[in-house]
Amino acid sequence: YEVCGSKVKTGLCELPQLKSGLLFDWEMTDAGAGTLLTIMSLAGLCSCLFCIVYTLQIIVKGSAARILKQVVGFNGYVNI
């Protein structure tokens with residue numbers, strides 16, 4: 001699916017890359033859509049990281065802490 005055509009041999013294509021979809025319906029430019037999606041993806045990654053850390057904190061501080069201490073504190077040579 002050609003955007004700039006076969007006439008362009010070198011250089012940048014000046015035609016918009018956004019052809020359809022929700023961001024196209026909102027009449028966003030390519031730069032605006034890229035910025036919005038970058039911010040949304042970073043927010044999603046940060047929220048997932050927060051959830052992972054929170055879950056691990058609950059596991060380590062909860063009732064599984066005793067089991068973890070027994071497994072990790074078994075023998076120094078075996079743990080290595």
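The protein chain contains four helices and zero strands. The order of elements along the sequence is α-α-α-α. The structure is a predicted model, and the mean pLDDT of the protein chain is 77. A pLDDT of 70 or more is reached by 70% of the residues. Among the helices, α2, spanning residues 30-61, has the highest confidence, with a mean of 90. The lowest confidence falls in helix α4, residues 76-79, where the mean is 68.

The protein chain comprises 80 residues, of which 4% are buried. Its accessible surface amounts to about 7,300 Å². Carbon and sulfur atoms account for 68% of that surface.

Packing was examined for α2 and helix α3, the latter covering residues 64-72. The axes of α2 and α3 lie 5 Å apart and form an angle of about 75°. Because angles of 65 to 115 degrees count as roughly perpendicular, α2 is classed as roughly perpendicular to α3. On the α2 side, the contact is made by I59, V60 and K61. The residues of α3 that these meet are A64, A65 and L68. By class, the contact of α2 with α3 consists of five nonpolar residues and one charged residue, with no polar residues.

Technical notes: Residues numbered from 1 in each chain as written. Predicted model: local features only at pLDDT ≥ 70, side-chain atom pairs only at ≥ 80, totals over all residues. Heavy atoms only, no water. pLDDT = per-residue confidence, 0-100. Helix = DSSP H or I, 4+ residues; strand = E, 2+ residues; numbered from the N terminus. Buried < 20%, exposed > 50% of the residue type's maximum accessible area, 1.4 Å probe, protein only. Areas by Shrake-Rupley, 256 points an atom, 1.4 Å probe, with all protein chains shown as cover. Axes fitted to C-alpha atoms, helices over the stretch in contact; angles between N-to-C directions. Parallel < 35°, antiparallel > 145°, perpendicular 65-115°, else oblique. Contact = heavy atoms within 4.5 Å. Nonpolar A, V, L, I, M, F, W, Y, C, P; charged D, E, K, R; others polar.
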